[in-house]
Amino acid sequence: MAAITETQDMSTATTSRQMLLRMVSRVWAWLFLGMLVAVFSVSAPGFFTVRSFQNIGINASETLIVALGQTFVIIAGGIDLSVGFVMGLVSVVAAVVMRALNLAGYPQGLVLLVGVVAGLIIGFIPGLINGLLIARLKAPPFIATLGMLGIAKCFAFLLSGGQTVGRQPDIVRLLGNSYFIYVAPNEPVTFFNPPPGADLRSVLGVMTLPLLIMIITAIVSHFVLAHTRFGQHTYALGGSRDASLRAGIDVDLHTMKLYIVCALLASLGGLVWTMRFNSGSPIAGEALMLNSVAAVVIGGASLFGGEGKVMGTVVGAFIMAVLYTGLVMLNVPPFWQFGAVGVIIIMAVLVDQAQAGIARR
Amino acid sequence: MFRWNRVWQWTLIVVLVLVVLAPTALAEDPAKKPNFAFIAGVNDPFYITMQRGAQQAADLMGVNLIVQIPETWNATVQTPIIDAMLSRGDIDFMFLAPVDKEAMIEPLKRVVDAGIPMLTVDTFIGDGDYANGPVTFPLSYIGSDNVEGGMIAARALAEALGGKGKVYVQNVKPGISTTDQREEGFKKGIAEAPGMELVGVDYNDDDAGKGQAQTAAVLQREPELAGIFGTNVFSAQAAANAVKNAGLSGKVKVVAFDATEFAIQMLKEGTVDLVIAQKPAEMGFFAVEMGMAYLHGYVDIPKRIPTGYAVITRDNMDDPEISKWFYTGQSD
């Protein structure tokens, strides 16, 4: 008798302790980010400045853009390991095209447009192939995208000769590195160019194009995932493939769309990289591949699918960016830094498990 | 009895938080001495030795040397480290080994814009000619003449093989200024000896395991292969290991660039016949010296400071004047 009563009660009774734990699990990433910022602000001179925060954001831009694409795929229960080299491939394609057109003397605006379009078209292809392999041929996402990684890497190296591709038109580095607004003491605010004659050390630039692209991409991704049918279908797919099928969702088509979205966002990351570094490099995204997955996982998504939020990925990416920068500013010995992100991922998994444990009761 | 429940799970989480933050206790106190930032290319004995030389000069001249090392040889990884150093706001001088001669130009412009004098060690940006080339804002390029280094390797192999034979190059990845030049110099040197033939060049991505596999494959398909040139630390390691594993020590001559403990060991054993040592400690020492000179108003720093080589053979490796150039993997 007592056992039956217990079972009936357990599903409805939540103690305040359980509620507190559940709330903490949901916001732990935010809390952790806040704590990191607080600790670094106090112990690292120069950390708590507009310049420093902006630099963290700018250096996180490619990682976050790629991670946003990864978010879509992971929520649906998949994964895309090819993003790093799709990013590199697109960076190279855009740079090679722009270099050729630039040296042939075409106007810079046109060169930029052709380069960007070429990059996006080429970036679309790995997404399509991934989608076909995974949706139509039922290949496991891990394997299919791992194979695509190699193919993208091959073409990126072939096209670039393994070298970094330079000789870009000036517009590329200007778009990637100029600030929209310049603020200097005793000078009027200027736009797109620093105040003439000002001492560059005291000038603060605010907002660059890569940063703006990152912010807009995050907002759009959030909107799509949270407020559109496309987003709903994505969560449904991750929750249960069969249930989605029975609900009338064209699972195969939707899966393909997701991998295309992921590849296009990786391509956008590659284009942003090309602008920031004024060149195209096949290895531009090599370091970001695993970091993009880490950002999504730290942000609360489950690798089994069905859960995750754009804001979570944003927090995850910024936790890593803040960590990298803060530890360098404190001059922590490099070897200790290597493990920092790994530890945080483990923490994210533990918190996820603890939260799941609460939810099960 | 111990039971793994949620309490322990949360305890572990708290412990991990503390573990992550613990390294901040290792953070250094900025001293009143000038702060010199040194950013290496990647973690390997060459840059550790460079750090040793730099630290020696720093101790002599009263400089606070701040060293950071990127996890991989990649512009995307090196750049945030540079930006973090700039954000500190208290760096007086910076020297680094830029990992990409094109992509690192924009990030390094930010260093100059922040008013921090800088120079490059070992590698360069642009074409390395900071006087008349496309990039002129770094104060100096301190490093070996890598074309010459490649030629030394080629001539040494030619001599060891009596001017005739097939040779192969184990290289890192195209686009690194230093190793590109070593390959270029090697090819020039081989061209000088008509009896020598270059059968191939492979790129191992700075991965000794990959290089070993590549070399093993070449040893298989070229039974007449007589000599191999490994262009850096890991490439030389890969070549030596592959030759040894194939039982060809002594039959296939190996010339190794960079005097790591491993290369020296292989030299002793007979698998490697010649080790060309750069002088990274000298590069590091000069970098700190030039920084102090500049900060004290002696601004006419030469735009190019070449450092030399020590050519190490089994015959001279015990001479202390030679052995002092071995790269030791530990930083003191």
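Two strands are taken to pair if DSSP finds at least two bridges between them, and strands (E, at least two residues) and helices (H or I, at least four) are DSSP runs numbered from the N terminus. By these criteria, three strands of chain A form an open sheet in the order β2-β1-β3, with antiparallel pairing. The model is a predicted one, in which local features need pLDDT of at least 70 and side-chain atom pairs count only at pLDDT 80 or more, whereas totals for chains, interfaces and linings use all residues. Residues are numbered from 1 along each chain as its sequence is written, and chains are lettered from A and ligands numbered from 1 in the order in which they are written.

In the chain A sheet, β2 (190-191) and β3 (204-208) are the edge strands, each pairing on one side only. Strand β1(A) (residues 179-183) is joined to β3(A) by four antiparallel bridges, and Y179(A) has T208(A) as its bridge partner in β3(A). The loop between β2 and β3 of chain A contains F192(A), which has a positive phi of about 65° although it is not a glycine. Burial was assigned from C-beta atoms placed from the backbone: a residue is buried if 20 or more others lie within 10 Å of its own, exposed if 12 or fewer, and partly exposed in between. F192(A) counts as exposed because it has 11 C-beta neighbours inside 10 Å. A positive phi, of about 55°, also occurs at the non-glycine residue R167(A), located in the loop between α6 (141-160) and α7 (170-177) of chain A. With 14 other C-beta atoms within 10 Å, R167(A) is partly exposed. Most residues other than glycine have a negative phi.

In chain B, strand β1 (residues 35-39) and strand β2(B) pair in the parallel sense over five bridges. The chain passes from β1(B) through helix α2 (residues 45-61) to β2(B) in a right-handed β-α-β crossover (clockwise from the first strand over the helix to the second, with the strands pointing away from the viewer). F38(B) lies opposite V67(B) of β2(B), and four of the five residues of β2(B) (residues 64-68) are buried.

F38(B) and I319(A) touch the most other members of the largest nonpolar core, which has 205 residues; such a core is a set of buried Ala, Val, Leu, Ile, Met, Phe, Trp, Tyr and Cys residues joined through C-beta atoms within 7 Å. Helix α11 (residues 251-277) of chain A supplies the largest share of this core, 15 residues. Contact is defined by C-beta atoms, placed from the backbone, that lie within 7 Å. Beyond its neighbours within four places in sequence, I319(A) is in contact with A29(A), F32(A), L33(A), L36(A), I298(A) and I344(A).

Between the chains, 46 residues of chain B are in contact with 50 residues of chain A. On the chain B side, α3(B) gives the most, with 11 residues. Elements giving two or more residues to this side are α1 (6-21), β2, α3 (75-88) and α4 (105-113) of chain B.

Chain B is divided into domain 1 (31-143 + 280-307) and domain 2 (146-278 + 315-321), with bounds from an automatic or database domain assignment. The centres of these two domains of chain B, taken over C-alpha atoms, are separated by 29 Å. Their contact takes 12 residues from domain 1 and nine residues from domain 2 of chain B.

Terms used
Contact = placed C-beta atoms within 7 Å.
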